[in-house]
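Dear colleague,

Please find the structure below, with its sequence.

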Amino acid sequence: VAYGGGGVRDAELQEVGRPRMSQALDLEGDAGGIQETQMLKAVWKKLRPQDAAFYPDQMWLYAGPETYIYTKGKEIGDLKTILRRGHYETRIMTFNSLNVAPVRSVCWDSTTHVIVFPPFSEYPDLHDIARKDLREYVSQGNNLVFLGGFATIGLLNDVFGFRLVAEVYQEGPFYRSPRYAPGTIFEYMPQRLGEVGNVYGVKMGSMPPGARSYYDTLGESVVWSVRVDFGMVTYVGSDYMDAFQMGDWHKILRAAVSI
């Protein structure tokens, strides 16, 4: 028996034994009863098929006024092209406001399991209800992908209660983690990422419990994710400002939306 709400794709609770009601068993010389109980065992499955063939069929991309791509058709088109390369059937929809109603509409879209937030040019003002909807979206088994920037790191702390500490600057290259990449989509990604464009990392010691760093160097992680209930929050440290000069980083972004 699988337990889950709408959008839960990453875990199942498999019933290996059903708790039974107390039963009075007639024993010779004893009018008492014996209680027999069996425990439920939680069996976690991978968040998605961990192979290079999997890719979401549609996703949301935020393109509001707090981002550098706002009203810029070329920049929006560049990001869509990166996300759809090799997956041209994937549909990418945009929304332009973080007000309560638009955020709720996107988060309640049960057919779409990925939302991508590009770098913020200014800190976004999120209502408490919108923050709650984003947390609920993740907890139901979906993936929020954030691209690099100081405002992004601050927003993650604000919405999810993290205590991330931004690394002001750390020279690349950044190396694929031999500990956390195996068994994930990042196992198929480049072994090393160059420092192309603006890359914003976080101190690994400040990452939330359970977070996995997929690319890092000298205590700074630039690609990582953390499980939140049934879903994931994923961070990619590049701001993709030089979109078409960043071949390997394109692969990383496509991997990030595939978790």
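Arg131, Leu134, Arg135 and Val138 of helix α3 meet Asp158, Val159 and Phe160 of helix α4, a contact being heavy atoms within 4.5 Å. Helices (H or I, at least four residues) and strands (E, at least two) are DSSP runs, numbered from the N terminus. By class, the residues of this contact divide into four nonpolar, no polar and three charged. Here Ala, Val, Leu, Ile, Met, Phe, Trp, Tyr, Cys and Pro count as nonpolar, Asp, Glu, Lys and Arg as charged, and the others, Gly among them, as polar. The axes of α3 and α4 (residues 150-160) come within 9 Å and cross at roughly 85 degrees, which makes α3 roughly perpendicular to α4. Axes are lines fitted to C-alpha atoms, for helices over the stretch in contact, and angles run from 0 to 180 degrees between N-to-C directions. Angles under 35 degrees count as roughly parallel, over 145 as roughly antiparallel, 65 to 115 as roughly perpendicular and the rest as oblique.

Some notes on the basis of these values are needed here. This is a predicted model, in which local features need pLDDT of at least 70 and side-chain atom pairs count only at pLDDT 80 or more, while totals for chains, interfaces and linings use all residues. Residues are numbered from 1 along each chain as its sequence is written, and side-chain values use heavy atoms, with hydrogens and water left out.

Helix α3 (residues 128-139) also packs against helix α2: their axes come within 9 Å and cross at roughly 10 degrees, and the two are therefore roughly parallel to each other. On the α2 side, Val100, Val103, Arg104, Val106 and Cys107 take part, and they meet Ile129, Ala130, Asp133, Leu134 and Tyr137 of α3. This contact has eight nonpolar, no polar and two charged residues.

Valine 106 belongs to α2 (residues 100-107). Valine 106 is buried, with a relative accessible area of 3%; buried means under 20% relative accessible area, exposed over 50%, and partly exposed in between (1.4 Å probe, protein chains only). Leaving aside neighbours within four places in sequence, valine 106 is in contact with Trp60, Phe95, Ile115 and Tyr137. Its C-alpha atom is separated by 9.4 Å from that of aspartate 133, 27 residues away along the chain.

A further helix pair is α1 and α5, which pack at an angle of about 75 degrees with their axes 8 Å apart. That makes α1 roughly perpendicular to α5. Leu79, Ile82 and Leu83 of α1 and His250, Leu253 and Arg254 of α5 make the contact, which divides into four nonpolar residues, one polar and one charged. Helix α5 (residues 247-256) is mostly covered, seven of its ten residues being buried. These are Trp249, His250, Ile252, Leu253, Arg254, Ala255 and Ala256.

Ala256 is also among the residues touched by threonine 234, together with Asn143, Leu144, Val145, Phe146, Trp224, Ser225 and Ile259, not counting residues up to four places away in sequence. Threonine 234 is found in strand β11 (residues 231-236) and is buried, with a relative accessible area of 0%.

Two backbone positions deserve mention. Most residues other than glycine have a negative phi. Threonine 71, although not a glycine, has a positive phi of about 60 degrees; threonine 71 is found in the loop between β1 (58-62) and α1 (73-84) and is exposed, with a relative accessible area of 66%. Tyrosine 240, also not a glycine, has a positive phi of about 55 degrees. Tyrosine 240 lies in the loop between β11 and α5 and is buried, with a relative accessible area of 1%.

For the protein as a whole, the secondary structure comes to five helices and eleven strands. Buried residues make up 49% of the 259 residues. Of the contacts with a separation of 6 or more, 69% are between residues 24 or more positions apart.

Lastly, confidence: pLDDT, the predictor's confidence in each residue, from 0 to 100, averages 83, and 78% of the residues score at least 70. Over residues 1-45 pLDDT stays under 50, and the model has 64 contacts beyond four places in sequence for them. Where pLDDT is low, the predicted coordinates should not be read in detail.

With kind regards
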